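Reader: I have a structure to get through today. Can we go over it together?

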Amino acid sequence: MQIGLDYIQMRARAQYYGLRWTGISLLAVGVILAAAGIAYYGYLYFLRASLDDYEVLRQDATLIEAAAPSGTEGGTGASVVSLPDGAHSQRLAELGYTEMPSSAAWPVGTQPAASRLIIPTLGIDAKLDEVSVSGSSIARYASADNPAAGYSSVTANPGERGAMWLFGPAGSGVRSFGNLNRAPGLITEGEDLLMFVNTSERNYLYAATHTEVVRATDLRLNSSDRATIHLVVPVPNGWYDHFLILSGELIGFR
């Protein structure tokens, strides 16, 4: 009889300690998961808070028209910025390009589409395809209105008076636009950030003017009477609810 009671007590103690350690293990796992979640969202919050550092204007550039604030009915496009005349004359001569002021570019619809984009400083060398608005990556990261709506009515080809919008993925390869997040720092340091855009007929050279950050759901493609380029990549890494826009102005061709 005593042996039976001892067995029952031992079994009860084993079950008690088993349940106890199971509970402690589950609690530890829960604490670890909660800490990991807090760390993850804290990191994403830090990334989002640093987006303000991405908004930079080149020192010698002039802001002509600021983009509308986020949340307005018409959404937010890219600011219109101009470079001083002759700012890159010497550099153009060294590269064998003919100077071409942005305001003296060709009318929209007269030049062929872009086929290649090269930004040596950022390590970007991407072949470009004509954008298909339906199902394209332009709206992939936007959860509301399609920022590409009316794309064909505002976008310009290289060398044309108007805005040329190019969207790319946030990767690390030469064909992606992930390295665009280095552009604000380079512009702040006063480095000339040159963008080479090739077509089937000519090569065009654009100089970076500024960078901006727009919430993905607020982005709207806009244009101007100047020949500009706007490279767009989703940010921040892991969240992708904003767009970083690197803008530039046409300075020459060959």
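Author: One term to begin with: a contact means heavy atoms within 4.5 Å. This is a predicted model, where local features need pLDDT of at least 70 and side-chain atom pairs count only at pLDDT 80 or more, while totals for chains, interfaces and linings use all residues. Residues are numbered from 1 along each chain as its sequence is written, and side-chain values use heavy atoms, with hydrogens and water left out.

Reader: Is Ile229 buried or exposed?

Author: Ile229 counts as buried because its relative accessible area is 0%. Buried means under 20% relative accessible area, exposed over 50%, and partly exposed in between (1.4 Å probe, protein chains only).

Reader: Which strand is Ile229 in?

Author: Ile229 is in strand S10. Helices (H or I, at least four residues) and strands (E, at least two) are DSSP runs, numbered from the N terminus. The protein has four helices and 11 strands.

Reader: And what does S7 pair with?

Author: Strand S7 (residues 162-167) pairs with S10 (residues 227-235) in the parallel sense, over six bridges. Two strands pair if DSSP finds at least two bridges between them. Gly162 stands opposite Ala227 in S10. S7 is mostly covered, with six of its six residues buried.

Reader: How many bridges join S5 to S6?

Author: Four bridges join S5 (residues 116-119) to S6, and the two strands run antiparallel. Leu117 has Ala126 in S6 as its bridge partner. The hairpin of S5 and S6 has four residues between the strands, and Gly123 there takes a positive phi near 70°.

Reader: Why does Asn198 count as buried?

Author: Asn198 counts as buried because its relative accessibility is 14%. The residue is in strand S8 (residues 194-198). Leaving aside neighbours within four places in sequence, its contacts include Arg116 and Ile118.

Reader: How many cavities are there of 30 Å³ or more?

Author: A search of the whole structure finds two. On a 1 Å grid over the protein atoms alone, a cavity is a set of points where a 1.4 Å probe fits but cannot get out, and lining residues have an atom within 4 Å of a point. Grid points are joined across faces, edges and corners, and a volume is the space filled by probe spheres set on the points.

Reader: Which residues line the largest cavity?

Author: Among them are Ala78, Ser79, Val80, Ala163, Thr228 and His230.

Conventions: On a 1 Å grid over the protein atoms alone, a cavity is a set of points where a 1.4 Å probe fits but cannot get out, and a pocket is an open set with protein on both sides within 12 Å along at least five of seven lines; lining residues have an atom within 4 Å of a point.
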